[in-house]
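Me: I'm new to protein models and I'd like to learn how to read one. Could you walk me through it?

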Amino acid sequence: MTSVFYRIFSLCFLLLAASPAVAQKPVQQQYSFYVVPQAAPLAIHSAWYPVLEKLSQATGLVFDLHVIATLQSFEVALLGDEPDFAFINPYQFLLTSRQQLYIPMLRDSSQLLTGILVVRKDSPITSIHDLNGQTLAFPSSNAFASSLFVRSDLATQGISIHPSYVNTHTNVYRSVLLGDVVAGGGVNNTFIREPLDVQQQLRILYRTPETIPHPLVANRRIPAAVREKITKAFISLAADPANATLFNAIQIPQPVVANASDYEALKNLHLENFVVKSVE
């Protein structure tokens, strides 16, 4: 009986060995992709996921979208060298460039970035000097144009305010709308993407000077060939009218190649005194 079983087992083994090998699909490398939290996590995911899906189909690469709820946590990850790719604010690139962590790949060319202060449309406030001593909402201490730049401008003009940090641009606009604060800081690129009924109930009181918009960056560990493949595919996809809505939603409707030199002028703003170091 044992000998019969052994012969059957041996025959099965030989048949399996003689069978053609089942082709194994190569394991695709995943690249982490982080997005600066200007909006609620669900809104960021809804905007970026379809774009990354198309980018994956066009390049054959796999992107793992990381949506972090707060700017402080995002900056800890950014300065900790975690993202392979990231969409970050201009000042964050300036901060990380000191350690040469990231290489700029793309930025939007359709509109420059402007910090804004909004009030309710029916607010009696007519000048930023009316804000002296008031509590204002900001997304976070280190949000670039919506907070750092605005707070710096106010301080330069002798206006003292009490900042209230509410995590996202969306929360800022709604805090003003609901009357929780008299004014709040945002940027033109997020304000124009708010629902029309929200925009119509708010008024832009103040605008900062224009600056370069957010860059899409790659970690220096990413090979140049991979960066180039993504850059070409991104620009090609955005040029397709069928994708216009998707690329508008992520604030890069007309992408162009970005360079580190694009962001050098930010050093002249001297915002260092308004930066709050992120520690977790």
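Predicted model: local features only at pLDDT ≥ 70, side-chain atom pairs only at ≥ 80, totals over all residues.

Me: How many residues of its lining are nonpolar, polar and charged?

Reply: The lining of the largest pocket has eleven nonpolar, five polar and three charged residues.

Me: What is the volume of the second largest pocket?

Reply: That pocket has a volume of about 170 Å³. Its lining includes Phe93, Tyr102, Arg220 and Lys267. Both α4 (90-97) and β4 (102-108) supply at least two residues of this lining. The lining of the second largest pocket divides into six nonpolar, two polar and four charged residues.

Me: Okay, now the inside. What should I look for there?

Reply: In soluble globular proteins, nonpolar side chains tend to be buried together. In this model, the largest nonpolar core has 56 residues. Phe33, Trp48, Phe63, Phe85 and Phe234 have the most contacts inside that core. There's also a second, separate core of 14 residues, with Ile128, Leu136, Leu154 and Ile159 among them.

Me: What does Phe63 touch, if I skip residues up to four places away in sequence?

Reply: Phe63 touches Tyr31, Phe33, Leu52, Leu55, Ser56, Phe85 and Ile230.

Me: Let's pick Leu55 from that list. Is Leu55 buried or exposed?

Reply: Check its relative accessible area: Leu55 counts as buried because its value is 1%, and buried means under 20%. You'll find Leu55 in helix α2, the helix that gives four residues to the lining of the largest pocket.

Me: And which residues is Leu55 in contact with, leaving aside its neighbours within four places in sequence?

Reply: Leu55 is in contact with Phe63, Ile230, Ala233, Phe234 and Leu237. Look at Ile230 in particular: Leu55 and Ile230 are 175 residues apart along the chain, yet their C-alpha atoms are separated by 7.4 Å.

Notes
Residues numbered from 1 in each chain as written. Heavy atoms only, no water. Core = buried A, V, L, I, M, F, W, Y, C linked by side-chain atoms within 4.5 Å. Buried < 20%, exposed > 50% of the residue type's maximum accessible area, 1.4 Å probe, protein only. Contact = heavy atoms within 4.5 Å. Nonpolar A, V, L, I, M, F, W, Y, C, P; charged D, E, K, R; others polar. 1 Å grid on protein atoms, 1.4 Å probe; cavity = no way out; pocket = protein on both sides within 12 Å on 5 of 7 lines; lining within 4 Å. Points joined across faces, edges and corners; volume = space filled by probe spheres on them.
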